[in-house]
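Trainee: Could we walk through a structure together, one question at a time?

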Amino acid sequence: MKIAVCVKQVPDPEARLRVGADGAWIDEEGVAFVLNESDEYAVEEALRIAERTGGEVIAFGLGPERTREALRKVLALGASRAVLLSDPALLGGDALATGRALAAAIRQEGADLVLTGSASSDLGYAATGSVIAGELGWPHAWLVMGVELAEDRRSVRITREMEGGMNELSAVVLPAVIQVQAGINHPRYASLKGIMAAKKKEIREVAAAELGVDAGRLGRAGSRLETVSVALPVSGREVEWIAGDAAAVAAALVTKLEQEAKVLR
Amino acid sequence: MSRFPGVDFVEFDALLTEEQRMVRDTVRAWVEDRVKPIIEECHREERTPLELVPEMGELNFFGSTLSDYGLPGLDNVSYGLIMQELERGDSGLRSFASVQSSLVMYPIHAFGSEEQKARWLPKLATGEAIGCFGLTEPDFGSNPGGMRTTARRTADGWVLDGAKQWITNGTLADVAVVWAKTEDGIRGFLVEKGTPGFTSSDQHGKFSLRASTTSELGFHDCHVPADALLPQSGGLKSPLMCLNQARYGIAWGGLGAAMECYWTALEYAKQRVQFMGQPIAAHQIVQEKLAWMVSEITKGQLLVLQLGRLKDAGRLKHQQISLGKRNNVWVARECARLAREILGANGIVDDYPVIRHMLNIESVFTYEGTHDIHGLIIGEAVTGIPAYNPPRVAEKAGKSKAEA
Ligand SMILES: Cc1cc2nc3c(=O)[nH]c(=O)nc-3n(C[C@H](O)[C@H](O)[C@H](O)COP(=O)(O)OP(=O)(O)OC[C@H]3O[C@@H](n4cnc5c(N)ncnc54)[C@H](O)[C@@H]3O)c2cc1C
């Protein structure tokens, strides 16, 4: 089996962010970039399926040159090859343009299954996977909690977590695009041997012109959505003291959490 | 508390290769997930976290600079970064890895026969077998050349007699690398667990390195086969070659302990408010302490990086290793002390890692060559005079060399 896994590099969730000079993105100076969390789970799932079936995992990454680091990490974890889409003509696009480019690269490589995380932790559109599926004309599932390959390897049984504690089980015919949730497995650590082996593995760069897609449909030029500005949330300093005995305080607190903070339902 | 972000004041990361950063990040993540949640409990209970050993093996933390027997063949800077991150977790855990890699796998690799290598290296690499290194004796620490343990040749092997003390992993070890005097000088032997006449017992009551096992080894008419001898070992130089490997790693390890203390103190100082609603980080004396720590850690990083590069180039001298070990472990000791001050009363409880590092570092300050002995080695390198064993005294006392 040939499994494609799409990964994105995102700012370290612990990094302290500042708005960049153009006001539409963060100032990347001094910010560490890491593999997007749910993508790590997609990689682990891909490696497990490949190990069971004797297949191979190919990592795809679209982003600036630094994306190479994320791909190198996936290679260290056990993927056999990687494809890097860092052509400036592919960058700065919305989920539609990005998914289109990834789909074109995957189509050229050929795959039985595409795995990706459920959403990127920086932009959080959660749409790239659906676009890839749409472009390829393959079935798609999102927020997947479990993936099991059928005996005949023609389909996967997937588990999706629904609202209210319900699970949905479905069979999806391959080839398909599956977006997994963080927490579905325990991602491995790259072994030191894996890191050394990754040095010798191929990261193939694919230019926009090689994708066979009209340039006007890729990158910034192909985007319908433009980020106008980003802003840091303002944190308040309000303190409210609830007095009374424990039972009264707890009851008042629950009401406030439900009705004012809206963190309980 | 948030995740440790590393200490990088001068774009040190830019001096590392991509693999070196990946190696460090892997070990860092593993320490964060697997060591930090359990280590205070291990320290309290005086328990070596053996459950972590198979994982360390699987991730290739043991023997990582060797490249045969399926080992990864990392460069020495990567090896140093592994030690740094492990010691940021705990000096005892780093000791485990140092002993296994530098003091057991290294001598078997460097001085062993093909049979010994094939028998032990794969198992030691996975952690399926544990090793220990017996050089120090009750009466010979800084001056191991004076050792009393002997190995006498017999018709079909050797007989060992003597005692070793302060041996990390002694009771846990499946194989002990034991140094003994023979009629042709000091030689190394592989003594297996369960060999008649070989006993071991643990040292209790330690207030330092409590998450590591320290033992005493006894050899009483202990018969070992001829192939227990490490054939290429010869003279005090052999164990000192092992110690050089380990000490180089400790120079990096010290920085790990220092970084953890510095970072804990920094985070604490930003949160803790005293006087006029100010975080203590706003007070000048506290800032001076933090500035001292980050300055010394930064200098230490640049020092060990150069040592690692020299080692990779095959040019690293033992006095340069002494400088690294002496300096960086001292930095760790001072950082632990300053961090403890900044944490106030919280600095003496194990809700924070500082007091544990402060206690641990006392062992690290003493073992693998005490701070002062390394000072004398540097002193000898610059003056040409071996103060620990001045020529005049040496003539009377017979030749011996101080270095363990
Ligand atoms: C936790 C722990 C684990 C250890 N693990 C191992 C192990 O796995 N294997 C092993 O073989 N050993 C091990 N050791 C032993 C360690 O290497 C020795 O403790 C160390 O070499 C110092 O020896 P000593 O304790 O006998 O001190 P001594 O040699 O008695 O030194 C005492 C003091 O005298 C000073 N001193 C000694 N000679 C001189 C001199 N000529 N000039 C000036 N000052 C001098 C020293 O600097 C020190 O301050 C371990 C020790 C500890 C604490």
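Mentor: Gladly; here are a few questions and answers about it. This is a predicted model, where local features need pLDDT of at least 70, side-chain atom pairs count only at pLDDT 80 or more, and totals for chains, interfaces and linings use all residues. Residues are numbered from 1 along each chain as its sequence is written, while chains are lettered from A and ligands numbered from 1 in the order in which they are written.

Trainee: How are helix 4 and helix 5 of chain B oriented, roughly parallel or roughly antiparallel?

Mentor: Helices here are DSSP runs of H or I with at least four residues, numbered from the N terminus. The axes, lines fitted to C-alpha atoms over the stretch in contact, with angles from 0 to 180 degrees between N-to-C directions, come within 9 Å and cross at roughly 160°. Angles over 145 degrees count as roughly antiparallel, so helix 4 of chain B is to helix 5 of chain B roughly antiparallel.

Trainee: Is D202(B) buried, partly exposed or exposed?

Mentor: D202(B) sits in strand 6 (residues 198-202) of chain B, a strand being a DSSP run of E with at least two residues. With C-beta atoms placed from the backbone, 20 or more others within 10 Å mean buried, 12 or fewer exposed, and in between partly exposed. D202(B) has 15 such atoms within 10 Å, so the residue is partly exposed.

Methods
Parallel < 35°, antiparallel > 145°, perpendicular 65-115°, else oblique.
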